[in-house]
Amino acid sequence: MIVASLLAASTTTVVNEQDVVTPFEQALLVGLVFVIMFGLGAGLTPRDFKSALRRPYGLIIGFVTQFGIMPLLAYVLVITLLFQLPREYAGPVALGALLMGCVPAGTTSNIFTYFSKGNLALSVIMTTNSTLWAILMTPLVLAFYGGFVFTEESDLQIPIINIVVTLATLLIPVVAGMILRRYSANVGAFMELLGGFFGLFFIVFLMATWVPRNWALLTSTPWQTYTVAIGLGLVGIFVAYFIARAIRLHPANARTIGLETGIQNGPLAIAIVILTFSGTPEIGLILIVPALYSLFIVIIATFVTFWFRRANTAEEQKIPNLL
């Protein structure tokens with residue numbers, strides 16, 4: 001009884017927006033997301049799209065796993081774990097978890113695909129493909145699963161129109177980067193490198209400053225929230241990987257699809273929350289899972305990469321790669 005009372009007290013405590021992300025971090029994050037998205041677009045050429053369209057199997061499989069498996073996984077984790085907690089805490093945290101499961105892949109997946117001996121070209125085109133589709137699919141699947149979690153009588157509603165507008169705004173730099181690459185390959189290549197650098201900078205910044213400042217918040221966060229944030233990436237990677245292996249894709253492509261599926265765009269999810277839910281009293285709670293996910297996915301992907309690198313590459317060379 002005492003333990004339950006303490007848990008209820010800790011989970012009903014109001015978490016302010018500034019407790020999770022300070023105003024400086026908010027401004028920095030939004031700026032970083034624009035640079036990262038610009039670099040993502042700048043890494044693509046019309047040849048990349050032509051190649052992808054000639055052999056679209058990887059894109060199709062990646063699309064299904066990205067917007068099929070990940071939102072469903074987020075929903076299952078929410079209803080089985082988060083709703084063990086008080087509703088006033090679980091509701092906003094669940095919204096952040098569902099959003100985290102519905103956003104597209106992040107550029108970090110390209111880095112880990114490279115070190116995992118995956119198909120880097122497929123990884124880049126899959127990241128961009130899911131990012132462009134996100135303006136339609138993210139609000140669609142979020143509204144679908146949110147409809148099972150948040151009723152019309154619920155105090156917390158999902159502002160779908162605001163999310164669509166935010167995504168449309170954040171996709172502008174992707175298109176701008178693609179146009180720049182079309183007319184200036186050298187500048188586009190530099191912006192691609194810069195985008196990747198800022199993606200890494202965000203991760204280092206999060207680990208070096210956010211964790212020490214939010215240590216009290218992290219130690220008081222229930223284990224169910226940690227399990228959702230960690231499980232979303234870890235389970236997503238391996239479910240997509242084993243599906244790809246089950247349908248006999250080349251091991252390098254299976255690794256790529258696994259990483260592309262499980263490594264979501266954490267900075268984008270946080271930016272959507274900041275830009276869409278600004279002024280909402282529960283914004284601090286909504287931010288918790290995206291922030292924890294962004295922190296732990298790097299650790300998860302590192303261990304997964306070590307495991308993937310144990311593959312017998314000499315034997316893989318004998319397998320035809322059709323993607």
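## Nonpolar surface patch

In this predicted model, a nonpolar patch on the surface is formed by Leu234, Val235, Val239, Ile243 and Ile247, which together have about 350 Å² of accessible area. Isoleucine 247 lies in the loop between helix 12 (223-246) and helix 13 (251-262). Its relative accessibility is 46%, and isoleucine 247 therefore counts as partly exposed.

An α-helix has 3.6 residues a turn, so residues three or four places apart point the same way.

## Aromatic pairs and cluster

The whole structure contains 15 aromatic pairs. One of them joins tyrosine 241 and tryptophan 307: the ring centres are 5.9 Å apart and the planes stand at 80°, so this pair is edge-to-face. Tyrosine 241 belongs to helix 12 and tryptophan 307 to helix 15 (residues 283-308), so that distant parts of the chain, 66 residues apart, are linked. With a relative accessible area of 8%, tyrosine 241 is buried, whereas tryptophan 307, at 38%, is partly exposed.

Tyrosine 241 also forms a tilted aromatic pair with phenylalanine 308, at 4.9 Å centre to centre and 40° between the planes. This pair again links helix 12 to helix 15, across 67 residues. Phenylalanine 308 is buried, its relative accessible area being 2%. One aromatic cluster takes in Phe238, Tyr241, Phe242, Trp307 and Phe308.

## Helix 7 and the residue after it

In helix 7 (residues 108-115), the buried residues are Thr108, Ser109, Asn110, Phe112 and Thr113. Lysine 117, just after this helix, has a positive phi of about 60°.

## A charge over a ring

Arginine 87 places its charged end over the ring of phenylalanine 83, at 4.5 Å from the ring centre.

Key. Residues are numbered from 1 along each chain as its sequence is written. This is a predicted model: local features need pLDDT of at least 70, side-chain atom pairs count only at pLDDT 80 or more; totals for chains, interfaces and linings use all residues. Side-chain values use heavy atoms; hydrogens and water are left out. Patches are made of residues with over 30% relative accessible area and no salt bridge: like charges are joined within 9 Å, nonpolar side chains (Val, Leu, Ile, Met, Phe, Trp, Tyr) within 5 Å. Accessible areas come from the Shrake-Rupley method with a 1.4 Å probe; for residues, only the protein chains shown count as cover. A salt bridge is a side-chain nitrogen of Lys or Arg within 4 Å of a carboxyl oxygen of Asp or Glu. Helices (H or I, at least four residues) and strands (E, at least two) are DSSP runs, numbered from the N terminus. Buried means under 20% relative accessible area, exposed over 50%, partly exposed in between (1.4 Å probe, protein chains only). Rings of Phe, Tyr and Trp (its six-membered ring) pair if their centres lie within 6.5 Å; planes under 30 degrees apart count as stacked, over 60 as edge-to-face and the rest as tilted. A charge sits over a ring if NZ of Lys or CZ of Arg is within 6 Å of the ring centre and within 35 degrees of the ring normal.
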